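Have the structure open as you read.

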Amino acid sequence: MSKQEESYEDQIQREFNQSQEGQNEPVKSIGRVKLERKRESDPNIDRINDMIGYHDVPLECLPSGGRYYPENTRISIRAARVGEIREFSTIDEDNMKDVTDKLTYIISQCCKVYYGNVLGNYKDIITADRIVLILKIRELTFVGGSSLIKVPVPSGACKTVGCIPQQSVDFCSNNLSFVEPSPELEKYYDIVNRCYNITTKSFGVITLYPPNIGVTSAIMDWIVKEQKEKHKVDASLAEILQFVIKDWRGLSEKAIFSKLTELSGWSTEKFTLVYRLIEKVNVGVEFNIKTQCQSCGGDLEIPITFPDGYKSLFVPTISDIGDELL
Ligand SMILES: [Zn+2]
């Protein structure tokens, strides 16, 4: 394209790119990471920045399969930036809430949700989709072979007597398998309202929503607060709670408490039924990777683990950066 044909928007973008050289490049090596330069916030630059480096994730690549988002939903991701990786690296592996908060932080920074052309909110993302989006962000962030995660093959993983399989399996977001939707629940899937409307004999229609990040986080924050104040929280009620609340908007502590009070008033029969039903709302990742034994060709099922912790999702370990060391 000649300079004359370049649109005004393209021109701004090109100039912006030149001024930002290096800043938006995926991090190739932790050894060469530069500190982010500070700049004044400029809405125009922010807008253009937003146009750069975002990639749509096909919704069928996610555990939800896109079935619980409005019809015209689009989810777009970009590589994590150095400052975000620094923030993530303070993750406290022993604190499940901190782990979830840090994963959500990456989502909040690197994911955009659109309904048609209207910008939505990352909190609308189905919680079960979070880990797959994180892996995809990781793959954009670390280009090449360093984006592969090596999952160790536990001893005895190969069922062939005396066989010694490979030590580890490479895995990425594309070779995960997802839990299949329960066939019993399928006829209650409401394609218009993107949830389950389950008609029951004794309790009318029970509506269940696979939880989204906003709902899950609000309930988790509330549980942590209650526990700090030494209040007992019924874990099974809290679990059901996530599935009966549609929207995180307006979900105050008061609203959570009043919904929980409503749930505690249910009969044992209703409670048991709903508890069994949420077990059937299968949205998530299979915990095993299915692959082939490289020694005997037999089937291997390897549990997914992050041997170097969640931190290693964005902070490469020494074995990853080994070729940097001279
Ligand atoms: Zn084998």
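E7 and strand E8 (residues 195-200) run antiparallel to each other, paired over two bridges. Helices (H or I, at least four residues) and strands (E, at least two) are DSSP runs here, numbered from the N terminus, and two strands count as paired if DSSP finds at least two bridges between them. Across this pairing, Asp 190 sits opposite Cys 195 in E8.

A quick word on what you're looking at: this is a predicted model, where local features need pLDDT of at least 70 and side-chain atom pairs count only at pLDDT 80 or more, while totals for chains, interfaces and linings use all residues. Residues are numbered from 1 along each chain as its sequence is written.

Back to the sheet. It's an open one of three strands, ordered E7-E8-E9, with antiparallel pairing. Its edges are strand E7 (189-190) and strand E9 (204-208), each pairing on one side only. Helix H10 (residues 268-280) lies across E8 and E9, at about 40° to E9. Axes are lines fitted to C-alpha atoms, for helices over the stretch in contact, and angles run from 0 to 180 degrees between N-to-C directions; contact means that C-beta atoms, placed from the backbone, lie within 7 Å.

Now for the other sheet. Four strands form an open sheet in the order E1-E2-E3-E4, with antiparallel pairing. Here strand E1 (55-57) and strand E4 (118-119) are the edges, each pairing on one side only. Strand E3 (residues 111-115) pairs with E4 in the antiparallel sense over two bridges, and Tyr 114 stands opposite Leu 119 in E4. Helix H5 (residues 130-141) packs on this sheet, touching E1, strand E2 (73-77) and E3, and its direction makes about 40° with that of E2.

Definitions and conventions. Two residues are in contact if their C-beta atoms, placed from the backbone, lie within 7 Å.
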